[in-house]
Amino acid sequence: MVLMTLKPWLAISILFSFFISNVIGAFVGINIGTDVTNLPPASDVVALLKTRQITHVRLFNADAHMLNALANTSIEVIIGVTNEEVLGIGESPSTAAAWVNRNVAAYMPGTNITAIAVGSEVLTAIPNAAPVLVPAMNYLHKALVASRLNNQVKVSTPQSMDVIAKAFPPSTATFNSSWNSTIFQILQFLRNTNSYYMLNAYPYYEYVHSDGIFPIEYALFQPLSAVKQIVDPNTLFHYVSMFDALVDATYNSIEALNFSDIPVVVTETGWPWAGGSNEPDATKENAETFNENLIRRVSNDTGPPSQPKIPINTFIYEMFNEDKRPGPISERSWGIFSTNGSDVYTLGLGSSDSISDNSSTAFCVAKPGADENKLQDGINWACGQGRANCSAIQSGQPCYFPDTIQNHASYAYNDYYQRMHSLGGTCDFDGTATMTTQDPSSRTCKFTGSSNSGGGMFPPAAFGPIGATSQSSTIRLPVIAYTMVVFLALLILDVNAHFVFYHL
């Protein structure tokens, strides 16, 4: 066997890499847009990412403040070449080299940049730049090679579902023939550089544009009744969600051009939480349902029906509402966090992450609507003379967000009360405090006296599509995998060698 001719240490390394790549799971990351009126400082954005245990982010540009703030966090970062930059880079290798030196090499290895997204939906957004898209990708890759960063940083380009002529049924999906030449070159580049296909897939838009053909439950990952099962008539695959169908349509489109082994990563997906009168499905309830179920779906570490062994790494769109964006109300209502760090709506991974509404412990919290000046006085007293431990509500700490007087006062008041009530301390603070048995803890901030242990909103960190280059991930190896690695290592050392509603 070829393996027996390898040096023992090299064979062990190969085996260990094999087991890691096959037992670790998918990740859910988040997009960070900047068309925001009151965008928080980069340090606060990163603090929020850390407290919410978000381990993968995608930036639409290469913002210096964000890249500096992300240094030494191990958060994996996709940076973006803007559409305005694509033309210049695609026409000039020197421009590409300067871009890589300025936006990648200057920040590594401190900032864990893992990929460059060249443009955003270039083929459909700025089709005049299509002829230089692949040259731009090639020039950037060559610049990475020259900087010896090509193994750590991959190059790809996000495309929308609009480049696929007909996504339903997935088994017959193909790319729009007008783009075949360019997409063929893109796929060839991805295969040759061991990169991956970046897909922007929005079940919300597919549902809205389907004119009632598909039920909303299908778009929201909700169970379908027996008479509404979605079945591909050619493969007989059952599709329990539109998300899976869109990913499978992409895999089949890639295969139709005779390419395989190119993973698909969903670089954008989500659901708007508000809309105009003509956008009735853009609601908080639907947005929460979609993203909650999306996280649960991705976390099961399986792929779509045609590729069950390839997990679907995914980035939610988006972190904050980009209120500067033009268009309908829904265009400005995709964010899952407010700029003060509070949740637009609650997301979690199920009951194991939820905080109990009932507790045997009484908590001292700020009264809703209390005067903010009095609240600030209360915080100052509790954290000073009252000797409460207020370190958790400092910038960068677990209870800093939401960054509101009300939140910080509740934490400070409660910490003081839990420490001092047995010695006569009271919960009053000039009438701005009140007692409650409802635990005010969140998934990332545990109040003093809470019996709940917080959990992360997103799944644990996991390797990206190019697993061997990832640096930040938490490896989840079962005991049996460790056992097999050790056993094989010792062995090597010893020898020294068309969609339809399916009516049942």
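Modeller: A nonpolar core is a set of buried Ala, Val, Leu, Ile, Met, Phe, Trp, Tyr and Cys residues joined through side-chain atoms within 4.5 Å. Buried here means under 20% relative accessible area. Keep in mind that this is a predicted model.

Start with the core itself. The largest nonpolar core has 109 residues. Seven names stand out in it: I79, W99, V104, I116, L140, L187 and Y197 touch the most other members. Helix α7, residues 130-146, gives this core its largest share, nine residues. A second core is separate and has 24 residues, among them A366, L375, I379 and Y413.

Now zoom in on I116. Leave aside its neighbours within four places in sequence. I116 is then in contact with I79, W99, V104 and L140, among others.

Next, the helices. Take α4 (residues 83-91) and α5 (residues 93-105). Their axes are 5 Å apart, and the helices pack at an angle of about 120 degrees. Angles of 65 to 115 degrees count as roughly perpendicular, and over 145 as roughly antiparallel. The pair α4 and α5 is therefore oblique. On the α4 side, the residues that meet α5 are E85, G88, I89 and E91. On the α5 side they are P93, T95, A96 and W99.

From α4 come V86, L87, I89, G90 and E91. From α7 come V132, L133, P135, A136, Y139 and L140. So I89 and E91 of α4 face both partners, because each is in contact with α5 and with α7, where contact means heavy atoms within 4.5 Å.

For contrast, look at a surface spot. P223 lies in the loop between α10 (216-219) and β8 (229-231). Exposed means over 50% relative accessible area. P223 has 75%, so this proline is exposed. V240 is 17 residues from P223 along the chain, yet their C-alpha atoms are separated by 7.2 Å.

Conventions: Residues are numbered from 1 along each chain as its sequence is written. This is a predicted model: local features need pLDDT of at least 70, side-chain atom pairs count only at pLDDT 80 or more; totals for chains, interfaces and linings use all residues. Side-chain values use heavy atoms; hydrogens and water are left out. Buried means under 20% relative accessible area, exposed over 50%, partly exposed in between (1.4 Å probe, protein chains only). Helices (H or I, at least four residues) and strands (E, at least two) are DSSP runs, numbered from the N terminus. Axes are lines fitted to C-alpha atoms, for helices over the stretch in contact, and angles run from 0 to 180 degrees between N-to-C directions. Angles under 35 degrees count as roughly parallel, over 145 as roughly antiparallel, 65 to 115 as roughly perpendicular and the rest as oblique.
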